[in-house]
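Biologist: Could you take me through this model, chain by chain? I would like to start with the secondary structure.

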Amino acid sequence: MKIFKNVLAPLFCLSLIPVVLAADSDLESHLGYVDFSTLTAIAAIEPTVEISLKAPLLNMITNLIRSEDEEAAEFISKLMRVTVNVFESDDIDVDQVAASMSTMAEDLDSAGWDRVVRVREDESHVDIYFRLAPDADAIYGIAIMVAEPGETVLVNIVGDISTDDISALGRRFNLDELVDIEVADN
Amino acid sequence: MDYHFNGEKETVIMKKILLVIVLTQLAACMSFSDRSFRSARNSIQEQVPDISLEKEFAISLGNSMLGFLDVLTLNETDISELDHVQLAIYNVESDGQKIDFNEIDFSDTLRSRGENLYWETIVRVRKEGEQVWVLVGMDVERNSLDAVSVFVLENSELVMINVDGDFDHIIEFALRPASDRRRDNDAS
């Protein structure tokens, strides 16, 4: 038992490190992944709210709800990472964040992302991007960037989500806007 | 008449006995000790040595009590599948030393809840005078979500919440269609 505690358990933990690192590197090379580090560096504070749902947890939620809600389970099973960062501070220079957001938006444009929403209103800046598969039958990623005085919000959803899954989820949750994706697709 | 009176008296006594039995059963599934949090408390004190945590309040609800509450709430959230819901509130005593959740290894803090559990922090909230961390404990081998822990630090009060059991119904409740709720609201 002592041998297990002192030798085997640390070895087991060490053996997990490459797996974890590989998972992160897979994610960063995924087409739907967005590196927000330049924006977070400008904020220069830790996020006020930070939500991070990774693949193992998403897989478990999928398994838990599959018997009860096949459509929601199917949708969640396609997600690889959901990250939400909210920075709340009056010290954040909204103009600087907005300028950096515009640069990042240009990068996303040139990387093949589709701009879905762009708002430039007074001091409010919103950009929503989708990364679609070449034949537009799947969404690889969603990026949402919001900069307002006192608040910056960054969201990145990474996965291989089919439009069928989204419209099914829209029907399930009675969200017409999502159901329409299927209509537009057809 | 006398018989009728005795019958009534017996019924009242029976009711009292039943009530005592039920309350005893429920009390057995409930405790006000922070025993289940002591390991976590000690771990935090070891990691932030200049503070001490003094218990203010603690409550631990077992499965039977949760089943009872589930009946009382008309099965609204279906908490009957949970094994434990435990809560403890500690007063943080320090000489100006502040707890920064970033500097605490919560995996170590929660180790006593099972060597087989892999802990992942899913929510972090940092506000002026307030920090909230939500962690989920997963048994990767069984591919199951077994526990949720919440740590809330507000000024000089640390709240710890542990929930164990089957989260199937809770997640189902969380994912219940917004439309259902909207319809309920419209109907009322």
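Modeller: Chain A has 7 helices and 6 strands, where helices (H or I, at least four residues) and strands (E, at least two) are DSSP runs, numbered from the N terminus. This is a predicted model, in which local features need pLDDT of at least 70, side-chain atom pairs count only at pLDDT 80 or more, and totals for chains, interfaces and linings use all residues. Residues are numbered from 1 along each chain as its sequence is written, while chains are lettered from A and ligands numbered from 1 in the order in which they are written.

Biologist: In what pattern do the elements of chain A follow along the sequence?

Modeller: The pattern of chain A is α-α-β-α-α-β-α-β-β-β-β-α-α.

Biologist: And what does chain B come to in helices and strands?

Modeller: Chain B has 6 helices and 7 strands. From its N terminus, the order is α-β-α-β-α-β-α-β-β-β-β-α-α.

Biologist: How does the model score, and what is the average pLDDT of chain A?

Modeller: The ipTM is 0.72 and the pTM is 0.75. Chain A averages a pLDDT of 80, with 77% of its residues scoring at least 70; pLDDT is the predictor's confidence in each residue, from 0 to 100. Over residues 1–22 of chain A the pLDDT is below 50, and beyond near neighbours in sequence this stretch has 2 contacts in the model. Two residues are in contact if their C-beta atoms, placed from the backbone, lie within 7 Å. Where pLDDT is low, the predicted coordinates should not be read in detail.

Biologist: What are the corresponding pLDDT values for chain B?

Modeller: Chain B averages 81, and 77% of the residues score at least 70.

Biologist: Which domains is chain A divided into?

Modeller: Chain A has domain 1 (1–30) and domain 2 (33–185), with bounds that come from an automatic or database domain assignment. Between them, 4 residues of domain 1 of chain A are in contact with 6 residues of domain 2 of chain A. On the domain 1 side, the touching residues divide into 2 nonpolar, 1 polar and 1 charged. Here Ala, Val, Leu, Ile, Met, Phe, Trp, Tyr, Cys and Pro count as nonpolar, Asp, Glu, Lys and Arg as charged, and the others, Gly among them, as polar.

Biologist: Turning to strands, what does β1 of chain A pair with in chain B?

Modeller: Strand β1 (residues 49–54) of chain A is joined by 3 bridges to strand β4 (residues 117–127) of chain B, and the two run antiparallel. Two strands pair if DSSP finds at least two bridges between them. In this pairing A:Val49 stands opposite B:Val125.

Biologist: Which strand of chain A does β1(A) join?

Modeller: β1(A) is joined by 6 bridges to strand β2 (residues 79–88) of chain A, also running antiparallel. There, A:Val49 stands opposite A:Val86.

Biologist: And how many bridges link β2(B) with β3(B)?

Modeller: There are 10 bridges between β2(B) and strand β3 (residues 82–94) of chain B, in the antiparallel sense; B:Glu54 stands opposite B:Asn91. B:Met30 has B:Leu61 as its bridge partner in β2(B).

Biologist: What share of each chain is buried?

Modeller: Of the 186 residues of chain A, 26% count as buried, and of the 188 residues of chain B, 21% do. A residue is buried if 20 or more other C-beta atoms lie within 10 Å of its own, exposed if 12 or fewer, and partly exposed in between, with C-beta atoms placed from the backbone.

Biologist: Which residues of helix α4 of chain A are buried?

Modeller: In α4(A), residues 70–77, the buried residues are A:Ala72, A:Phe75 and A:Ile76. Seen down the helix axis, they fall within an arc of 95°, so they line one face of α4(A); the arc is that of the directions from the helix axis to the C-beta atoms.

Biologist: Is B:Met160 buried or exposed?

Modeller: B:Met160 is buried, because 24 other C-beta atoms lie within 10 Å. B:Met160 sits in strand β7 (residues 157–165) of chain B. Leaving aside neighbours within four places in sequence, B:Met160 is in contact with B:Phe37, B:Ala40, B:Ala88 and B:Phe151.

Biologist: Why does B:Arg35 count as exposed?

Modeller: B:Arg35 is exposed because it has 11 other C-beta atoms within 10 Å. Its place is in the loop between β1 and α2 (38–47) of chain B.
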